[in-house]
Amino acid sequence: MIGWEFPPFMSGGLATHCFYLTRELSKLGVEIDFFMPRTREPVSVSWMNVIQVDFSSFSEFGAAAVFGGESEFREFGPYRDFCRKELKAVRLEKGVVSPSGVDEAMVSPAGLGFFEAVNKYNSLCAKLVALYHCRRKYDLVHCHDWITFRAGEAVALECGVPWVATVHSTEYDRTGNLWPFEWILGIERRGVRAADLVLAVSNRTAEQLVERFGADRRRLRVFYNAIDVAPFANKAFRREDFGFPADSKIVLYNARLSVQKGPEVFLRAAARVLEKEPRARFVVSGSGDLLPRLTELAVDLGIAGKVRFVGFTPFCDIPVLYAVSDVYVLPSVSEPFGITVLEAMASGTPVIVSKTSGVSEVVKNCLTVDFWDVDGIASRVLGVLKYAVLKQVLGEGGREEARGLSWDKTASDVKWFYGQAIAGLGGEVVG
Amino acid sequence: MARLLQGWGVKLLASICLYFHVHQPFRLKQFNVFGKRGHCLRSAYFSEEVNKHYFEKAARQCYLPANKVLLDAIEETGGAFKASFSITGTFVEQARLFVPEVLDSFRALAETGCVEFVGETWGHSLAVLYADSGEFREQVRMHSRMLRDEFGARPSVFRNTELIYSNDVGREARAMGFGAVLAEGFETVLGWRSANFVYRARNNGPKLLFRNYRLSDDVGYRFGARWWSQWPLTADKYASWLASAEGDTVNLFMDYETFGEHHWPGSGIFGFLKHLPRECRKRGLEFLSVGETASRYSAVDEVDVPFALSWADLERDVSAWLGNKLQRACFAELESLKPLVESAVAVEGGESGRELLDVYRRLQTSDHLYYLCTKSWADGDVHKHFSPYKESSPYENFINYMNVLQDFKEEVCRRAQASAASVVGAKSVEGIALKEGLV
């Protein structure tokens, strides 16, 4: 399996997914070698070999020769800071703090830009996997997202093994459909067409792959992310401990501060909510390039005193965040899945999520809304804050529903798809 | 064959009791909590556009053509064909607003004397489940008045909303002068007994007519179902089933919207309805209205129904409307509004008071609670089918309904206080005038 991020080095759902998927797959008897970029602190888990690729010592010439020169990647717009800012080392357990600066070392070895780093990673990974294959004889190679697709394709070609590509999000999603970067689209398009089997995290994403990338429906499968409810169970916190008045109502935003996730709409809805419910407080958790703009917006809307920007929340603190909140809002413009929704549900926190999210295909116990509908979001927030019975029913129902979405089920789906890929059934419609 | 069976003590069916339920709720608007509400409550809460759309569609597809078929059947059989209707107050009001011809066609049916109208609550409400029976009785009286004014009818048989029946309902109906009540013929209360006889409620209560749900659902539910082994159902085949049934009467109770709405005209449902009277009469079966059925046959046994029974969903209880906490919260809110509305009406009176009462009755329609149902299995689809708010979940429907109820509550209190204050104000002005010797 070729990945990019893995706990404790993570920025989003991809790491969580790889962590739980590999763990459950190994329980199902799947032997995994997991390839990922080198981090300053080595990553190690009990259920598989983690092979960390150190591409800083890899010659630039090699990368350029495999995937083209570096000059074309000088300007890459919104993606420039993606990893430097986002791929922070986070604490998985309390007390274990990974050293800072890991991201820099990992992503910009020898001062490389992001795209060059991706290029080098893929190129080196492909070579390394092929090398390992001589000894390990892999049955299949599984790649996650465009960032590893080229390696997957190269390995499949060289070693003659089927390759499976999971699409967690597309470039259209990540940029809110506004300025997709052509280079990445190219990799995604090529990847989903070349892979023996493509796994999409929702029907929504699958449809997008067919429509926009011309993916072959017969080689496309949908699976859903899941949730390990254990960290989210039985947390009770008083809001006073966090400096909120006892009678305050807390509305949570927990996602990257990027156009894709719709934080602006969240703030505008917050202003509407405050017109009717002055006790409401808004917590914005997450970091991203929109932060300066959002703080300004909060001031302009006259709600700066009621909004708290808390920055990126490490994994171990997230359950606290949900437990202390009255309602969680994810107003994503385009959300392939949305694992945080399951996290909030597992915590018993009511959820308001945009209709344009994959997760709303699987869960019922949440409120859905159009991502642009400021008043719609605000009136739903007010509904949950005002009517205790609704909060209770959504909380209980959500918790129950989240419990039913376990990773072992997802893993057994994925294992079944592996079987299809190995048997070469990708080209046929399999019931 | 028939004689042979009779020799064995089996009694073949003598008559058919057809009963149709006619109802349209006042569907809610997506209430905007941020906007400024207009003064007219009716237009602020209820969506004229949506209601008009549904009513016109139903009138075109069901009410007008089905009434025509029945009228023809009555004429063709020289008045031997009989049917019974329960028509809700909200339906009549919408008919008046949107398609008055529908009322005319029902009046034409009423004038034949072959159609009986059944009493119920005016707004298809669950008022019978309130702790205090005052509201229930008021609504039933209101409905009877409406039947008298619109169709010149005096109901003698009662049906409660969604066929909700229990011993209490029977007692209430009896107290209000009804001689018979309709109920669901479900095994939980009938046990081994057949629904094809007339029964009596406990303690010498009213007579009970139980719905034969298998034969009723063959038409109401399965008629257009291609997965059904008996599809397609013809009038001939169905009449032969009726003729071979045992008992005194077979009670076929169904939504009137079965004809043309639940089963679209292309399914052949109108042809079925048209030919059914002829096919039945061919087999010697008589048609009786609900009142005639109740008086023709004497009760064979007493039936005890301690818990509420209804014709909805697989459970046949009230869980379709009060199954989850959201529904119960709204229901409690409705019930608690009663004294507030009453006191507001007492101070306000006049047009404003009538508006408050009317809105209160419209809000009590059980459909609003039905749309909040979260049962996830097969019945959930039925709920979705009947919901006008297809885009939104029960949770969103709850927020909207509760927002309306809260706004209404505030308005009721505001009006009550305003008029109380104006009375006080007038008095104090008088007082000052007295003191200053101006009067």
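Author: We begin with sheets. Two strands are taken to pair when DSSP finds at least two bridges between them. Please keep in mind that this is a predicted model. In chain B, five strands form an open sheet in the order S4-S5-S7-S6-S10, and the pairing is mixed.

Reader: Which strands of that sheet stand at the edges?

Author: They are strand S4 (157-158) and strand S10 (302-303) of chain B. Each has a single partner strand, so one side of each is left without a neighbour in the sheet. Strand S6 (residues 198-201) of chain B pairs with S10(B) in the parallel sense, over two bridges. In this pair, Arg200(B) is opposite Glu302(B) of S10(B).

Reader: Which helix lies across S4, S5 and S6 of chain B?

Author: That is helix H7 (residues 167-175) of chain B, which runs at about 160° to S5(B).

Reader: What order do the six strands of the open sheet in chain A have?

Author: The order is S9-S8-S7-S10-S11-S12 (chain A), and the pairing is parallel. At the edges are strand S9 (307-311) and S12 of chain A, each of which pairs on one side only. On average, neighbouring strands of this sheet are turned by 20° against each other, direction ignored.

Reader: How many bridges join S11 to S12 in chain A?

Author: Strand S11 (residues 351-354) of chain A and S12(A) run parallel and are joined by three bridges. Val353(A) has Thr368(A) of S12(A) opposite it. Helix H13 (residues 339-346) of chain A lies across strand S7 (249-254), strand S10 (327-330) and S11 of chain A, at about 165° to S11(A).

Reader: Why does Lys137(A) count as exposed?

Author: Lys137(A) has 9 C-beta neighbours inside 10 Å, and therefore it counts as exposed. This residue lies in the loop between helix H5 (114-136) and S3 of chain A. Asn204(B) belongs to the loop between S6 and strand S7 (207-211) of chain B, and it counts as exposed with 9 C-beta neighbours inside 10 Å.

Reader: What joins Trp231(B) and Pro232(B)?

Author: A cis peptide bond joins them, with omega about -5°. Pro232(B) is placed in the loop between H9 and H10 of chain B. Tyr221(B) lies in the loop between helix H9 (213-220) and helix H10 (235-243) of chain B. Tyr221(B) has 17 C-beta neighbours inside 10 Å, and therefore counts as partly exposed.

Reader: Which way do the residues of strand S3 of chain A point?

Author: Val141(A) and Cys143(A) point one way from S3 (residues 141-144), His142(A) and His144(A) point the other way, and all are buried. S3(A) pairs in the parallel sense with strand S4 (residues 163-167) of chain A, over four bridges. From S3(A) the chain crosses through helix H6 (residues 146-159) of chain A to S4(A), and this β-α-β crossover is right-handed.

Reader: How should I read a nonpolar core?

Author: In soluble globular proteins, nonpolar side chains tend to be buried together. Here the largest nonpolar core has 253 residues, and those with the most contacts inside it are Val198(A), Val329(A), Val381(A) and Val181(B). Not counting residues up to four places away in sequence, Val381(A) touches Val251(A), Ala269(A), Val273(A), Val327(A), Val329(A) and Ile352(A).

Reader: How many residues does the contact take from chain A and from chain B?

Author: It takes 16 residues from chain A and 12 residues from chain B. On the side of chain A that touches chain B, the residues divide into seven nonpolar, four polar and five charged.

Definitions and conventions. Residues are numbered from 1 along each chain as its sequence is written. Chains are lettered from A and ligands numbered from 1 in the order in which they are written. This is a predicted model: local features need pLDDT of at least 70, side-chain atom pairs count only at pLDDT 80 or more; totals for chains, interfaces and linings use all residues. A residue is buried if 20 or more other C-beta atoms lie within 10 Å of its own, exposed if 12 or fewer, and partly exposed in between; C-beta atoms are placed from the backbone. A crossover is right-handed if, with the strands pointing away from the viewer, the path from the first strand over the helix to the second runs clockwise. Two residues are in contact if their C-beta atoms, placed from the backbone, lie within 7 Å. Axes are lines fitted to C-alpha atoms, for helices over the stretch in contact, and angles run from 0 to 180 degrees between N-to-C directions. Ala, Val, Leu, Ile, Met, Phe, Trp, Tyr, Cys and Pro count as nonpolar, Asp, Glu, Lys and Arg as charged, and the others, Gly among them, as polar. A nonpolar core is a set of buried Ala, Val, Leu, Ile, Met, Phe, Trp, Tyr and Cys residues joined through C-beta atoms within 7 Å.
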